[in-house]
Amino acid sequence: MEKIIIFDTTLRDGEQAPGASLNPQQKLEIAFQLEKLGVDVIEAGFPIASAGDFQAVKDISRKIKKAVICGLARCLKPDIVAAHKALMAAKHPRIHLFLATSKIHLKYKFKKAEDEILRIAKDAIRLARKHCADIEFSPEDATRSDRAFIYRVVETAINEGATTINIPDTVGYSYPQEIYSLITDIRNNVSNIEKAVIAIHCHDDLGLSTANSLSAILAGARQVHCTVNGIGERAGNASLEEVVMALATRKDVFGDFFTQINTKEIYRTSRLVSNLTDFVVPPNKAIVGKNAFRHESGIHQDAILKKRSTYEIMDPHDVGISSSQLVLGKHSGRHAFSDRLKKMGFNLDAKQLNTAFMRFKDMADKKKDIYDDDLRIIVEDEVRIIHPVWKLESFEVSSGTKIKPKALVVLDKKGKLLTAQSSGDGPVDACFKALDKITNLKAKLEDFRLEAVTSGKDALGQVSLKLNTRGVVVSGRGSSTDIVEAAIKAYLDAVNKPKSK
Ligand code: KIV
Ligand code: ZN
């Protein structure tokens, strides 16, 4: 099996993402985690770019001893000197030199001819080699460069001592077949290519960075540049977790390759990078997004409960996520609902389960997130009220700053619908007066408490109250996303209870 070297550039290209900047302390914290993750190379920064970046590369060089520590440099003497100084304490230092080779960069960025570029690359590599044995060279914008020129540049770079040749798709323009033929052509047309490792560096402007990186591996690249969560310039870089998990999951295609990544550290690393950069991971992000191992649809949940692999190609444990989640929502089915209740310790009979499920569906239509506490309340209601005399059929309330609150309540008493209207001091008071009229109970409210049971704006409200009817005090509880409905349910819960002094 051949090893794929994981070159992590979260701290360099990733940090170049607008708004992602990290201070040296934060970079060091991420570097420690990258070491635990098992990356082979940490591109720690661009030492000439700022004092902070210089410091970060220096600190990381001093503290991280397993991985190769790499500093970026243009093909300019001050850059190379700065990189060398920053990397001085590293056990395994690498200088990464880059120089654009595409016609568009030569014409507009440098105003230089190809031969001049070749000479600049040659001199820079020669100088860098005096300070460091491990040199990576990148012909920037390689995928838009003239092939024949790329061969010349790469051959020269290797002759001067570059040990790794990185092929960047700088503007994320390429596609998998093209990358495959580019790497193949480089291998077939550069006479000394066997003396260097071929690397690939893909950007995600067309959403193809992972596919392009994998294609490069199939064509002969043995090092992949990537970043945690795919952060990087513009649309970002190839995401480390996607490349690594694609190699690990598709053994049928990539069975000849392995990485040294401890995949169980992937999720923790993703969270750390997201927290320190303040870059939120989209919920649908492959591998590390909040929804990557969550299922809501009833058909999927049912199948997952029968056999996880029906709808999951990876085991969440393998990336450090404790378990898949069956999210209860409006698309969920009875199987997942009863499974969750069993796990929560409830054992309902078929009839109770049926009504609880109907109430859950009703709640899911109104509420986005259903928590275990929501379910607990639904179930407790079902278990508590076995044969209610009074059931709420419907209600309407009107209230506001300039109108007197009014309520219209319809109750079902053993199949018969009874209606009453009333006004009150507030919508709850108006409802309670209407309820008094229907039930003919002159109930006195002794206690009334409202609390949010779950979190979020659409939290379930729970009303607990005490009603005194002719000296008998009975408590009641009701819950709903609508607090007036919760109050009515609490009232009915109390009046439905058998009375005892
Ligand atoms: O995208 C790019 O070309 C780069 C180089 C510095 C390798 O980041
Ligand atoms: Zn880049």
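Me: Is Arg12 buried or exposed?
Reply: Arg12 counts as buried, at 8% relative accessibility. Buried means under 20% relative accessible area, exposed over 50%, and partly exposed in between, with a 1.4 Å probe and protein chains only. The model is predicted: local features need pLDDT of at least 70, side-chain atom pairs count only at pLDDT 80 or more, and totals for chains, interfaces and linings use all residues. Residues are numbered from 1 along each chain as its sequence is written, chains are lettered from A and ligands numbered from 1 in the order in which they are written, and side-chain values use heavy atoms, with hydrogens and water left out.

Me: Which residue forms a salt bridge with Arg12?
Reply: Asp13 does, with the closest N and O atoms 3.6 Å apart. A salt bridge here is a side-chain nitrogen of Lys or Arg within 4 Å of a carboxyl oxygen of Asp or Glu. Asp13 is buried, with a relative accessible area of 2%.

Me: What surrounds ligand 1?
Reply: The surrounding residues are Arg12, Asp13, His96, Phe98, Ser138, Glu140, Asn166, Pro168, Thr170, His201 and His203. A residue is near a molecule if one of its heavy atoms lies within 4 Å of it. By class, this shell has 2 nonpolar, 6 polar and 3 charged residues. Ala, Val, Leu, Ile, Met, Phe, Trp, Tyr, Cys and Pro count as nonpolar, Asp, Glu, Lys and Arg as charged, and the others, Gly among them, as polar.

Me: How far is ligand 1 from the side chain of Arg12?
Reply: An oxygen atom of ligand 1 is 2.9 Å from an N or O atom in the Arg12 side chain. For His201, the corresponding distance from a ligand 1 oxygen to a side-chain N or O atom is 3.1 Å. A polar side-chain atom of His203 lies 3.0 Å from an oxygen atom of ligand 1.

Me: And how much of ligand 1 does the protein cover?
Reply: The protein covers 94% of the 260 Å² of accessible area that ligand 1 has on its own. Such areas come from the Shrake-Rupley method with a 1.4 Å probe; for residues, only the protein chains shown count as cover. The elements giving two or more residues to the shell are α1 (10–14), β5 (93–100), β6 (135–140) and β7 (164–169). Helices (H or I, at least four residues) and strands (E, at least two) are DSSP runs, numbered from the N terminus.

Me: Back to salt bridges: how many are in the whole structure?
Reply: A search finds 32 salt bridges. In one of them, the side chains of Arg222 and Glu2 meet at 2.9 Å, N to O. This pair links distant parts of the chain, 220 residues apart: Arg222 is in the loop between α9 (209–219) and β9 (223–226), and Glu2 is in strand β1 (residues 2–3). Arg222 is buried at 17%, whereas Glu2 is partly exposed at 41%.

Me: New topic: which residues form the nonpolar patch on the surface?
Reply: Leu445, Phe448, Leu450 and Ile483 form it, with about 330 Å² of accessible area together. Patches are made of residues with over 30% relative accessible area and no salt bridge; like charges are joined within 9 Å, and nonpolar side chains (Val, Leu, Ile, Met, Phe, Trp, Tyr) within 5 Å. Strand β16 (residues 444–452) gives the most, with 3 residues. Phe448 is in strand β16 and is partly exposed, at 34%.

Me: What about the backbone, say phi of Lys111?
Reply: Phi of Lys111 is near 50°, a positive value in a residue other than glycine. Lys111 counts as exposed, at 68% relative accessibility. Asp141 also has a positive phi, of about 60°, but counts as buried, at 0%.

Note on methods:
Polar contact = N/O pair within 3.5 Å; in protein donor to acceptor, adjacent residues only side chain to side chain.
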